[in-house]
Amino acid sequence: MTAMIDIAAAKKTFTMHLQGGIELPVVSGVTFHVNPGECVVLAGPSGAGKSSILKMIFGNYRCDSGRIGIRHRGAVVDLATAEPRQVLNIRRSTIGYVSQFLRAVPRVATIDVVAEPLIVNGLARAEAQQRAGELLHRLNIPERLWQLPPATFSGGEQQRVNIARGFISDLPILLLDEPTASLDAANRAVVVDLVAEKKRQGVAMVAIVHDDEIRHLIADRIVDVTSFAAAA
Amino acid sequence: MAEEMLENDQSLLVAESLSKSYGRIAACRDVSFSLYPGEVLAIVGESGSGKSTLLQMLSGQLAPSAGQVSYRMRDGITRDLTTLGEAERRFLFRTDWGYVHQDPAQGLRMAVSAGANVGERLMAVGWNHYGRIRDTASDWLTRVEIDIARIDDAPRTYSGGMRQRLQIARNLVTEPRMVFMDEPTGGLDVSVQARLLDLVRSLVAELHLAVIIVTHDLAVARLLSHRVMVMKGGRVIETGLTDQVLDDPREPYTQLLVSSILPP
């Protein structure tokens, strides 16, 4: 089977120039792969570098060295050295990212926030909004809120809008950073179902989940991030 | 399909080793990059970093001391801007380019009506049917959220935010492919800024515009741009995807800029 994500010896260090050039090692020797239809959960205590690894796979953090192989439209691209334009294309058609917090643009209605990833990939607005509505409905966001911008919603509601936006597209790779952190039991169960559906569709996922019960339900494999702890 | 276009198309504007010096003072040194259709590039840096000089060279308003800017014209032929005649350059500015000034008074005619400000660009490209010009001008005023009832008023009666939206309508009415923006939110109140940014963001995506925007405001760069170039002392010191540069800045000066943002 060909891996969707294949990371080899990736390393990340922050150099804090404003603090006298202190080197802050984050991770080194990060090596693992993710197959289609598989959910790999990153484990380790806070500060071990789990979120940093997700950000490296998304191209948000740059690597100092190593390789982040991403299967993009049938070919493997090394995200660690890809041009900005290529990274944008990969984000548009291959990698989705559900961050911990919703970063919404002011004034844009919830339904459009959720539908946007489909619209940028060329789906008609009406159809995109219909799929957005179905997903919002499943995640228990009442219809009367759909036309409002999510900025004033509660933390849990914003997180569900964020999840809907992340799960709506048909991208072959999904990165999930604490998708269930501020959700109640009913909504956590919805997320577990959504992850299971993505697996059946062959989507490769990397997740950070602190809740043991959820981790058991979604993880096919666990990668212990403490083994990538960079030597200070 | 939109995406095929993005992956296969050719660059629209290419800067090669652009430099500008005034006597012994180098205002801009050795800047090179390519811009593609639909791509938004932010040039950030503090006053005196050379970003405005660079913008003037890129838009053909200032001759570089060294290097060149080439642009792929609507007919598909790439031309070196310095070889364009004055008439060709003016035509480019009236049709395929837009230029949004920080001060709307520089980009608008303050004493003539809003409708005429927008219609004038259409007449310059040969439109002569009054009714159609007025209809198109009304459409554009609506798109930039200006009440049609104000179409016959001159922009000197408008607020700062309305003037800036009118300037944007005037620039976009000829459907340019490339728009230059110099601190477009510079003189506006924060609430007015947010509305304008949101408007610009949706128009840029809808019209698939290539944009080069000069700003000292990193929040503006984050909201609007795909890529960012950080300038200091006339040089580009760091460049990359906007979220990469802002979330993982490498250069000391970029780290200083990012750490100076006040939390919202």
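**Figure 1. Chain A of the predicted model, seen as a whole.** Of the 232 residues in chain A, 42% are buried, in a model that is predicted. The secondary structure of this chain amounts to seven helices and nine strands. Its radius of gyration is 18 Å, close to the 17 Å that the globule rule gives for 232 residues, so chain A is as compact as a globular protein of that length. Among the contacts in chain A with a separation of 6 or more, 72% are accounted for by residues 24 or more positions apart.

Figure 2. Helix H4 of chain A covers residues 125-138, and its 14 residues reach 20 Å from the first C-alpha to the last, close to the 20 Å expected at 1.5 Å a residue. Which residues of H4(A) are buried? They are Ala128(A), Ala132(A), Leu135(A) and Leu136(A), and because these residues cover an arc of only 100 degrees around the axis, they lie on the same side of H4(A). On the other side of H4(A), the residues Ala126(A), Glu127(A) and Glu134(A) are exposed. Just after H4(A) comes Asn140(A), which takes a positive phi of about 60 degrees.

**Figure 3. Strand S1 of chain A with its partners S2 and S4.** Strand S1 (residues 5-16) of chain A is joined to strand S4 (residues 65-72) of chain A by five bridges, and the two strands run antiparallel. Within this pairing, Ile7(A) has Ile68(A) in S4(A) as its bridge partner. S1(A) also pairs with strand S2 (residues 22-34) of chain A, again in the antiparallel sense, over nine bridges, and here the bridge partner of Phe14(A) is Leu24(A) in S2(A). S1(A) and S2(A) form a hairpin with five residues between them, and in the turn Gly20(A) has a positive phi of about 70 degrees.

Figure 4. Most residues other than glycine have a negative phi.

**Figure 5. Chain B of the predicted model, seen as a whole.** The secondary structure of chain B comprises 11 helices and 10 strands. For this chain the radius of gyration is 18 Å, close to the 18 Å that the globule rule gives for 264 residues, so chain B is as compact as a globular protein of that length. Taken along the principal axes, the box filled by the C-alpha atoms of chain B is roughly 55 × 45 × 45 Å. Buried residues account for 43% of the 264 residues of chain B. Of the contacts in chain B with a separation of 6 or more, 65% come from residues 24 or more positions apart.

Figure 6. From C-alpha to C-alpha, Gly38(B) and Leu92(B) are 18 Å apart in space, while in sequence they are 54 residues apart. Glu183(B) belongs to the loop between strand S7 (178-182) and helix H8 (190-207) of chain B. With 20 C-beta neighbours inside 10 Å, Glu183(B) counts as buried, and its phi is positive, at about 45 degrees, although it is not a glycine.

**Figure 7. The contact between chain A and chain B.** How many residues does each chain bring to the contact? Chain A gives 18 residues and chain B gives 21 residues. On the side of chain A that touches chain B, the residues divide into seven nonpolar, seven polar and four charged.

How values were computed. Residues numbered from 1 in each chain as written. Chains lettered and ligands numbered in written order. Predicted model: local features only at pLDDT ≥ 70, side-chain atom pairs only at ≥ 80, totals over all residues. Contact = placed C-beta atoms within 7 Å. Nonpolar A, V, L, I, M, F, W, Y, C, P; charged D, E, K, R; others polar. Helix = DSSP H or I, 4+ residues; strand = E, 2+ residues; numbered from the N terminus. Rg over C-alpha atoms; globule rule 2.2 N^0.38 Å. Buried ≥ 20, exposed ≤ 12 C-beta atoms within 10 Å, placed from the backbone. Expected span 1.5 Å × (residues − 1). Arc of directions from axis to C-beta. Pairing = 2+ DSSP bridges.
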